[in-house]
Amino acid sequence: MIATAEIHRDDQASKLGMWLFLFTEMLLFGGLFIVYSVYRYRNADAFHLASEELSVLIGTINTIILLISSATIAMSVTAIRKKDKKVALMLLGATTILGIIFLVNKYFEWGEHITEHIYPGSSVLSLRGQGDVLFYGLYYFMTGLHALHIIIGLVFIGFVTVFISKDRINSGKFVMLENCGLYWHLVDMIWIFLFPLFYLIT
Amino acid sequence: MSTQTISIEPSYLDHQGKYRGIFAWIFSTDHKRIGMLYLFSILTLFATGATLGLLMKFELIAPGKTIMEAQTYNAFFTLHGIIMIFTVVIPGLPAVFGNFLLPIMIGAKDVAFPKLNLLSWYFYVTGVTLVIISQFTGQGPPDTGWTFYAPYSFRTAGNMLPAVFGAFVLGFSSVLTGLNFLVTIHRMRAPGMTWLKMPLFPWTLYATGWVQLLATPIIGITLLLVAAERVLNIGFFDPTLGGDPILYQHLFWTYSHPAVYIMILPAMGAISEIISTFSHKPVFGYKFMVASALAIAFVGYFVWGHHMFTSGMSGTALYTFSLLTFLVAIPSAIKVFNWIATMHKGSIDLQTPFYWAMGFVFVFMIGGFSGLVLGSLTTNVHLHNTHFVLAHFHFIVFGGTGFAFFGAMHYWYPKITGRMYDTRWANIGLLLFFTGFIGLYGPMFYLGAMGMPRRYFDYDAIFHGGNILSSMGSWVLYSGAAIIIINLFASLKTGIKAPANPWGGKTLEWTIPSPPPVENFLEQPVITGKPYDYK
């Protein structure tokens with residue numbers, strides 16, 4: 001309705017807005033990191049034993065996948081700057097595929113635990129003791145919320161891809177792609193914390 | 001200047017956009033129209049919450065069952081709390097007056113992200129809808145109180161999921177509004193408006209924005225965990241599964257104490273504007289006012305433990321939280337001193353908004369001092385969960401934010417609507433409102449100190465006298481509020497046309513016509529002097 005809102009463009013404001021939004025995302029996970037530290041402190045032994053059951057191999061592969069996907073999306077920003085639309089689209093495609101592979105790995109990882117009847121509320125899990133209940137509760141909740149963020153990120157990338165192919169994002173106007181990259185890096189960064197907390201510290 | 005511009009540019013009320021009728025409002029990205037959308041939603045919800053409160057006070061007029069069952073009472077105080085906290089006082093001043101006035105007061109055409117602003121209102125309406133759904137579906141309405149304390153919140157048969165999710169969505173709306181304001185203030189101030197030339201209302205919105213942004217996600221995740229607890233038995237707050245209900249309280253108050261500052265900071269900003277305008281004097285100690293707003297926002301993060309003195313914490317934690325609670329009173333006191341000093345030797349114009357500001361300072365001081373009583377460890381043990389807490393809380397939140405909200409409404413009404421209201425009825429309403437307020441909440445201090453607990457629908461006969469007084473106060477307060485709101489609505493038709501600057505204010509909103517044109521300013525204002533430039 002206000003024409004000026006369209007004409008008035010402030011890329012720095014958009015990026016500032018995105019950074020502030022990322023703060024809120026960090027605090028959202030921050031609450032969970034507090035819950036994790038409290039229960040890890042209280043159930044050190046159970047957490048130690050339970051985390052050895054997670055597959056470090058899949059975790060490592062997923063970490064590498066996300067790191068590469070962060071690189072590809074960052075490169076696509078450079079490609080757009082250099083007016084190379086085709087390469088930018090290819091790199092975004094690669095990011096999308098890597099994100100999907102991450103989710104597929106996650107699906108198999110979760111699936112394996114669920115076939116062993118290890119999920120919140122299962123009687124097998126509750127027989128194993130409170131430390132295990134809390135560990136797996138945190139595991140499912142935190143990686144689940146993270147996976148939800150991957151899905152949101154993929155949808156975001158999907159929109160950006162369409163906009164690039166329609167030239168609504170171009171070498172003169174690419175702040176949305178940059179913001180999308182920022183969001184994807186955050187998702188990546190949260191995983192960088194989740195990976196050692198669940199898989200490596202034993 | 002103002003009379004010439006009216007004919008050139010239609011006001012935001014007359015502007016014809018792409019849509020007609022109600023769609024011209026609910027699809028509008030104009031910050032002024034969005035502010036009005038919030039105003040009408042909030043007034044509706046305020047009336048609902050106040051009616052629930054009135055009925056609860058009627059139940060408490062005599063011991064035993066008067067008009068409702070205990071379970072109904074539980075549902076009433078839960079809904080009253082959810083509505084008043086999450087949908088009225090938290091968005092109250094920022095979303096209504098912040099939206100309408102922040103861009104104008106800093107000389108901008110709109111907020112930084114107008115579409116996101118409208119989206120925030122949609123989130124708000126969605127949240128409210130979810131809360132309403134929780135009342136009429138499932139096995140009965142929620143009955144936990146607005147605090148959703150674990151483990152009861154996932155054991156009760158009440159329909160918690162939509163209520164909890166509604167509060168989550170309302171939080172989203174609050175975060176996005178705060179984010180929008182922060183970026184607006186950083187990027188869109190008029191040329192020449194350096195940080196220390198910004199008026200105090202935008203300054204308090206800036207401090208509020210940070211609190212909204214950095215505190216709300218914590219309750220977001222906490223509410224998601226309660227939902228997960230109910231649906232998945234995840235066990236984080238369930239003692240039978242190894243979880244810790246006290247941890248829930250910590251997470252809840254980590255947000256919900258700073259939330260009190262989301263409510264009170266913009267109220268303080270609005271009061272500063274009103275007192276300066278009607279004293280025709282610059283705000284005394286402007287820099288201290290700015291610093292104390294930021295200090296309140298900052299220290300406010302570290303005092304949440306004072307809600308949990310009796311829940312079980314280490315001695316060190318108790319002392320620390322108590323000390324920090326006393327510290328947060330200092331910047332609030334600085335503000336009160338500076339308001340009084342602003343009036344000193346001013347040429348005071350006794351208008352309705354100024355009376356509201358006086359009422360604010362009075363009830364805010366009572367609320368603040370009773371807060372110190374609760375912040376001391378020993379007295380807290382005696383007063384915890386009694387009517388004393390209820391009285392303190394309502395003096396701050398209803399007395400603070402509520403008085404500032406109505407004060408702001410009377411102060412900016414000519415600017416927003418382009419009409420003047422009937423001063424006589426406004427003052428009669430205020431007098432009833434104030435008398436009823438003291439009558440309703442004053443006796444609660446006494447009742448609480450005598451030991452009457454909160455959230456009970458029944459009480460011992462020794463508390464009868466105080467409760468009769470309190471219930472009668474609620475009738476006076478309710479009729480006062482009704483007169484005020486009816487008067488403001490009636491004046492939309494009958495009020496005389498308002499000039500651009502009816503009160504002689506010095507901030508930017510008074511330099512443009514009433515009601516403001518769509519684009520706010522026809523020429524980009526350039527700021528040269530300090531705000532509140534009276535001489």
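Me: How many helices and strands are in chain A?

Reply: Helices (H or I, at least four residues) and strands (E, at least two) are DSSP runs, numbered from the N terminus. Chain A has eight helices and zero strands. Its pattern along the sequence is α-α-α-α-α-α-α-α. This is a predicted model: local features need pLDDT of at least 70, side-chain atom pairs count only at pLDDT 80 or more, and totals for chains, interfaces and linings use all residues. Residues are numbered from 1 along each chain as its sequence is written, while chains are lettered from A and ligands numbered from 1 in the order in which they are written.

Me: What share of chain A is buried?

Reply: Buried means that 20 or more other C-beta atoms, placed from the backbone, lie within 10 Å of a residue's own. In chain A, 36% of the 202 residues count as buried.

Me: Which residues have the most contacts inside the largest nonpolar core?

Reply: In general, nonpolar side chains tend to be buried together in soluble globular proteins. Such a core is a set of buried Ala, Val, Leu, Ile, Met, Phe, Trp, Tyr and Cys residues joined through C-beta atoms within 7 Å. Here the largest has 215 residues, and Leu265(B) and Ile271(B) have the most contacts inside it. Helix α4 (residues 70–105) of chain B gives the most to this core: 22 residues.

Me: Where does chain B touch chain A?

Reply: Contact means C-beta atoms, placed from the backbone, within 7 Å. By that test, 36 residues of chain B are in contact with 27 of chain A. On the chain B side, α8(B) gives the largest share, nine residues.

Key: Buried ≥ 20, exposed ≤ 12 C-beta atoms within 10 Å, placed from the backbone. Contact = placed C-beta atoms within 7 Å.
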